[in-house]
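Dear colleague,

Here is the structure for you to look over. My notes on it follow below.

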Amino acid sequence: MRHDHLLSAKQLSRGDIEAVLDRAAEMAADPGAVAEAHDDRLLGLCFFEPSTRTKMSFDAAMKRLGGDTIDMGSVESSSVKKGESLADTVRVIEGYADALVLRHPSEGSAKLASEFVDVPVLNAGDGAGQHPTQTLLDLYTIRENAGFEDLTVGIMGDLKYGRTVHSLAHALTNFDASQHFVSPESLRLPRSVRYDLHEAGAQVREHTDIEEVLETLDVLYVTRIQRERFPDENEYRQVAGEYRIDAELLESARDDLTVMHPLPRVDEIAPDVDETDHARYFEQAHNGVPVRMALLDLML
Amino acid sequence: MTDTELRVSKIENGTVIDHITGGQALNVLAILGIDGTSGEEVSVGMNVPSDRLGRKDIVKVEGRELSQNEVDVLSLIAPAATINIVRDFDVVEKHRVSRPSEVTGVLSCPNANCITTESEPVESRFEVLEEGVRCTYCDTIIRESIAAHISVE
Ligand SMILES: [Zn+2]
């Protein structure tokens, strides 16, 4: 890839995406071939908020390339707690590592970090902003299961604060996918994302009811609705219940519908969906390692 | 000189900002960081009749010539403004404002979760869209009442 940093899915062209996915497929087929590819490299894991799975998959990816990782540890035990700025923290860690993976609770944090360091910065989630490496593994999963031709995707749940949704929606504009967004009114896509989709000429429709579109979908991407987003518990329960899928609901879907979720889930996908052929969310999570290996291989 | 222009006093050296969108004069002063405390001599005409705009505001600042950066930001809230630089009572330069592609350090991001609102060593930065502006860091778009987000020390 030509980019120095991976900050947003907006910077990824179709060619970039396909290069990563092709490389990931090669690596998944023959992991041994790259076992020592980056054995002199160190990846800095800067996680300002907890994320077991994203952190572990970067850790695994780097180690499977023969490299190693260093970890700044939990925010509670670090200098950040003492009021150090993000700009200072990344400038220090830059001296220890060949690239930085950053997860931070504030939007725009990865962009800011990239302005202070010369090593590549990979955005592993900035607040409600972007999560481009998740998008690449989502796209890998979509390509494996549904392909990119004539694709219709439904994205359901918390579309307002869901950074994985924001990144995926941008990326799908490269493939002329038809996108259906399903959410409660209060959690619809933010203005900035709608603006970008419009600018990209994307085919977009918004709904409040999944049943309006379910049977037309190749892929249903479900995200979690967080309790913290609602002022009171009742309001949350009412909304969350309407955006929950189970095996019975999926009977009206196409047989080859792929159901995805950027885990962890709480109760938006009933356990009985796990037993159906639709469930691809664990496979999706596993794809994180080869996709992040491919990305690191191309960027380091 | 028209009647309208006579409503506010002539200045010897400084800047006359004319054709400001009616009601925006105080925001223009905010952008320029003028609050009267440092003794500048300022005349403000608000909602005076204008052939071009119906109603317009005028700001005259004695002893101060505007920088390009300041003029750029004015364009966001007063797109029709004209800038007259006055020396020895004569207008020596006349500029129309033009929309910049970006404004730096003038607006503050309305997204409380944006990294630029924390104590980081960066200035805010906004891309200027056809309608409104957009934070370069968090992508938040401001369309309505841009002037409310002006943060000049
Ligand atoms: Zn912002």
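**Zinc site and other findings**

The donors of the zinc ion are spaced along the chain as C-x4-C-x20-C-x2-C. This is a predicted model, in which local features need pLDDT of at least 70 and side-chain atom pairs count only at pLDDT 80 or more, while totals for chains, interfaces and linings use all residues. Residues are numbered from 1 along each chain as its sequence is written, chains are lettered from A and ligands numbered from 1 in the order in which they are written, and side-chain values use heavy atoms, with hydrogens and water left out.

The zinc ion is coordinated by the SG atoms of Cys109(B), Cys114(B), Cys135(B) and Cys138(B), at 2.3 to 2.4 Å. Donors here are N, O and S atoms within 2.8 Å of the metal (3.2 Å for Na, K and Ca); water is not among the atoms, so sites may look incomplete. The angles subtended by the four donor atoms are 100 to 117°, which makes the arrangement tetrahedral (four donors with all angles between 85 and 135 degrees). Cys114(B) sits in the loop between strand 6 (102-104) and strand 7 (125-128) of chain B, and Cys138(B) in the loop between strand 8 (133-135) and strand 9 (141-142) of chain B, so this pair ties together parts that are 24 residues apart in sequence. Helices (H or I, at least four residues) and strands (E, at least two) are DSSP runs, numbered from the N terminus. Cys114(B) is buried at 0% relative accessibility, and Cys138(B) is buried at 10%. The cut-offs are under 20% relative accessible area for buried, over 50% for exposed and partly exposed in between (1.4 Å probe, protein chains only).

**Pockets**

A pocket is an open set of points, on a 1 Å grid over the protein atoms alone, where a 1.4 Å probe fits, with protein on both sides within 12 Å along at least five of seven lines; lining residues have an atom within 4 Å of a point. Grid points are joined across faces, edges and corners, and a volume is the space filled by probe spheres set on the points.

The largest pocket holds about 950 Å³. Its lining has 37 residues, with Arg103(A), Arg163(A), Arg224(A), Leu263(A) and Pro264(A) nearest the centre. Helix 2 of chain A gives the largest share of that lining, six residues. By class, the lining of the largest pocket has 12 nonpolar, 15 polar and 10 charged residues (Ala, Val, Leu, Ile, Met, Phe, Trp, Tyr, Cys and Pro count as nonpolar, Asp, Glu, Lys and Arg as charged, and the others, Gly among them, as polar). The peptide bond from Leu263(A) to Pro264(A) is cis, with omega near 10°, and Pro264(A) is in the loop between strand 9 and helix 9 of chain A.

The second largest pocket holds about 720 Å³. Among its 35 lining residues, Gly129(A), Ser192(A), Cys138(B), Asp139(B) and Thr140(B) lie nearest the centre. Cys138(B) is also one of the zinc donors. Helix 7 of chain A supplies the largest share of this lining, five residues.

**Salt bridges**

Over all chains there are 29 salt bridges (a side-chain nitrogen of Lys or Arg within 4 Å of a carboxyl oxygen of Asp or Glu).

- Arg143(A) and Asp22(A) meet at 2.9 Å, N to O. The pair links helix 5 and helix 1 (residues 14-29) of chain A, 121 residues apart. Arg143(A) is partly exposed at 24%, as is Asp22(A) at 40%.
- Arg254(A) and Asp218(A) meet at 2.8 Å, N to O. Arg254(A) is partly exposed, with a relative accessible area of 31%, whereas Asp218(A) is buried at 11%.
- Glu233(A) and Arg237(A) have their closest N and O atoms 3.2 Å apart. They are four residues apart in helix 8 of chain A, which means a separation of about one helical turn.

Lys10(A), Asp196(A), Arg134(B) and Asp139(B) are joined into one network by salt bridges that share partners.

**Backbone**

Asp150(A) has a positive phi, near 50°. Asp150(A) lies in the loop between helix 5 and strand 5 (152-156) of chain A and is exposed at 74% relative accessible area. Phe89(B) has a positive phi near 70°. Phe89(B) lies in the loop between strand 4 (82-87) and strand 5 (90-96) of chain B and is partly exposed at 44%.

Regards

Definitions and conventions. Four donors count as tetrahedral if all angles lie between 85 and 135 degrees; four count as square planar and six as octahedral if opposite donors are over 155 degrees apart and all others between 65 and 115; anything else is irregular.
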